[in-house]
Amino acid sequence: MVSRSIRIPALVIFYWAFACQTATGVVAGDDASPALARHVPQQGVCVLLGATDAAVPLSLAEKSEAVFLVQASDDSDAESIRNAASDAGLLGVKIYVTTAPAHALPLAANLADAVLVLNREKSFEELPADARREILRVLHPGGEVFVGDVGTAKPFPEGSDDWSHPYHGPDNNPQSNDAHAKAPYLTQFLSEPWYVPMPQVTVASGGRVFKAFGHIALKEREWPWLNTLAAINGYNGALLWRRPLTPGFMIHRNTLIATPDTLYLADDASCKILNAADGELRGEIKISPAMAPDGVWKWMAFENGVLYAIIGPPEKPDPTIRGARKLPGWPWKDLGQGYASPYAWGFGHTLLAINPETKQVLWKRSSADPIDSRAACMADGRIYLYCHEKSLTSVDASTGQDIWTTTNTQLLAAIGQHDRAQTPGKGFASSSYAKANRAGIYFAGPQRTHLVAVSAQDGSLMWSYPHGNFQLVLRHDALYAMGRTQTSKKFDYLTGRVLADLDCYRGNCTRATGAVDSIFTRGYRHTGTMRLDLSGNQARRIPLMRPACQDGVIIADGQLYWGPWMCDCNHSLIGMISLASAADFKFNQTAVEEERLASSSVKVENPLEAEPDDWPGYRANSGRTAASSARAPAKPRIIWSYHSPSGQPATAPITAAGLVFWSGLDGVVHAADAATGKVRWRAFTGAAVRFPPEFHQGRIYIGSGDGAIYCFDAASGNQLWKFRAAPAERSILVHGRLLSNWPVGSGVLLHKGVLYAAAGITSYDGTHVYALDAKTGKIRWQNNTSGRLVSGERVTGVSVQGHLLLHNERLYLAGGNVVSPAIYDLQTGACLNKLENEWWDRPPDAKERFPAQPKNREMFQRAPRGRELFLVDGQVRVFDQLLYSPPKYGPSRYFGGHFLQAQDDQSTIRGTTGQLLRLAAEKNKDGQPLGLWRSAAFRDPLALAVCANSVLAAGEKTGPEGAPAAFAVAALDKKSGRVSWSVDLPAAPVSWGLAPGPRKRIFVALENGAVVGIGD
């Protein structure tokens, strides 16, 4: 395996040379000094400790793409920094402010790239011991801490491991030896890219993840990543660099290798030697025609400082595909001639050993028959070469001499012919199908009809098993074979004896990979990820995402990585996802008011009162009916506009007491005069807000991405109380934003003096649902266990993936792809959803862990994905976009469908792509509602409201095909559906970003952060 040249022995943790007379610290009010700016990372996360004003953070943020957590000296300084950063459009975008002490920084471990101590009067060693420990905790290995101009890197811990080759190592065994990537887990980051072309190859080393994306983009969303190599920070997901790949060269092979400081990338011309830190080309290894006349790199391995390569003849380039597929799912066709034809890549005749420093060939071995690089592997100082139907050879890696060669017909017949791949139940023909260890070489995979074991000592056939569609993981105790159409099994290496039937199936094409305590595959029957817990061979479910087809779960540097995807068979989470070990974290801990609730002494005098026509909450009310007694204007125009300095999308607006309230992804809460748009006050939360505030009895309530619920005086903006709903102060990067692991992603819901909210992202991190007294913030009830409905050890349950809705005295929550909607008893908080089994609704007498032939697809524990809840025909249903999804999210296999509904006692209006409908109260003989009218005024309706005299709609207007998108808000006659008037909008409205209000006014929030007021 690759050694880490930058690691430091564990006993030598830090050494600091600090001299006060030469330190270049920063004093309050200074602009950032050049020396300080040198230490700021260009991407990722930077912590500034001890800021007294905004000058330094603003200056540094202008020079870097990094996200800054600024620790202010006190509350007054924090408020000053927040105001200045908000005015600059950077608050909640690049700058986040905290007053947490240095010994309790609100970040996940190993997240920050740099910590800068803004104090030139103390050295690191003079800081309190608990502060030093905390700084080291939040820094990732390789990250740096600076006091003044002196600093050093945090070392990598002993026991961490690289994923240096596409299959982990040159043995093709996808088994990580990382001692830190152990269950249970907490989310470490969510990042882009969302979707990428195929094929995909991943390696990782030195805290960086390198991903090569290939030449086939079936949908337009994947085009930007065609033929691209990207480097991603393995601890926080920041994109470090990207560079183009050679078009037409099929990358799904072993020609990408990572070390802590170097990346080796081979193609049809040379092996490029890249600087791992920035992607710059440091050199190339080109094979002379005299050494190998063909010159195309087919396979590589790196061990003990030597680079090994198979070189072969030219390949027909596979043209780049820029598809325009609109349908969901994955076609398994239209992948180009290369994948449609019998496998023709990766065959060579020359094996070389090369010194990468001098680029000199150390030895050469030639083969008359073509070597299939998919079966080339290296273990225990030997390289194994397979020539289909011809021979299997063991080569001494130090000399290039053959140790043995077998042409035994029985062995070759057992390995057999290539089976048909490129199918969902198997996988890809380009996958490697041989793995090796000291005992043997093991053949299995998408192309194989048999599992075959060959002795590493002499090449004899040890045993075979009459089924080859296994994904193999070679562990210290046995050979684990993860099956798709047969149950997974555990084999003895030497005899082939089945040591255990693991009684589970992998899901479809994704390869299996191993951690020290687990084996990961795709979940059976589209159920996410299966984690085989090796402590008892129990199949556990991680439901919110499934591994990418050609990668599987990648394990390196204490982290586990999922995605990004080349198809849209994703689940609730999209993009690149990383988990880290949670160690002894308590997922279901109970909130204690004294620790969580912060109340102010501010009193609300003469609280503002709502008017009858106000729109005081999300989609108007706790039932989210989007109905109002307000009347629409007759001759409307835009009467005012507010433009956010950050330009971040606003939440939907609400109205109350002559004011309009909204927040946004910058976390800033605004109150503006409904008549003029003049901002009356603004207040700050600590992170992105996705659902709007709610008004109740003179107070404004809001749930923030920082994991807290805030209560403000609606008249003044003074904070009345703050309740931390998150079980811990732990922020991570979520698509470039600092966000709690437990953001209040549900928004808030007010009912009869009680506030309801849910905190979390994923069931495996924990889900926390609360009922709080609206006036005081005190806890009425709490539910901290619904993320794990089966048992405390199993992470299948409710995730916070959308908003709340009240119906028939029950609280509903958009809950992700296992249980959605989630249902809670309004009085006690008990979750009314029940799961007896984390995988499927198993009959009481069932003996199977998984049914081999399920009677129907509905028996598996799955729910429609989506963030929006609606009462449809008496049932609460889930629709529309995922909560954490791309800006332009299209339909996927599990997409709940684009759906809108607004209804009052007389009218039900529904919308979807290209149409709005009014439904009659009566139904036809088949029980389907009758339509009264249909309107095609909007190509993409995004918001609805039923008013007293009209139906209001906002979205993208219907226009000529290919014309630029244009947006508007319009009034439709309730009886006929005809458009009464339309007002153009300067940008797209946000989802449900429409609020009618008193005095015939309408307010619309836009994706560009603006809010507009419309009236006569």
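Modeller: Terms first: buried means under 20% relative accessible area, exposed means over 50%, and partly exposed is in between (1.4 Å probe, protein chains only). This is a predicted model, so local features need pLDDT of at least 70, side-chain atom pairs count only at pLDDT 80 or more, and totals for chains, interfaces and linings use all residues. Residues are numbered from 1 along each chain as its sequence is written, and side-chain values use heavy atoms, with hydrogens and water left out.

Biologist: Threonine 393, then: buried or exposed?

Modeller: Threonine 393 counts as buried because its relative accessibility is 3%. It sits in strand E23 (residues 391-396). Strands here are DSSP runs of at least two residues (E), helices are runs of at least four (H or I), and both are numbered from the N terminus.

Biologist: What does the side chain of threonine 393 make a polar contact with?

Modeller: The side chain of threonine 405, at 3.1 Å. A polar contact is a pair of N or O atoms within 3.5 Å; within protein, one must be able to donate a hydrogen and the other to accept it, and residues adjacent in sequence count only if both atoms are side-chain atoms.

Biologist: And where is isoleucine 709?

Modeller: In strand E48. Isoleucine 709 is buried, since its relative accessible area is 0%. Isoleucine 709 and tryptophan 721 are twelve residues apart in sequence, and 8.4 Å apart in space, C-alpha to C-alpha.

Biologist: How many residues line the second largest pocket?

Modeller: There are 39, and Arg82, Val97, Thr98, Tyr710 and Lys722 lie nearest its centre. H3 gives the most to this lining, four residues.

Biologist: Last one. Which strands make up the open sheet of four?

Modeller: The order is E41-E71-E70-E69, with antiparallel pairing. The edge strands are E41 (637-642) and E69 (989-997), each pairing on one side only. Two strands pair if DSSP finds at least two bridges between them. Four bridges join E70 (residues 1001-1006) to E71 (residues 1011-1015). Phenylalanine 1003 stands opposite glycine 1013 in E71.

Note on methods
1 Å grid on protein atoms, 1.4 Å probe; cavity = no way out; pocket = protein on both sides within 12 Å on 5 of 7 lines; lining within 4 Å.
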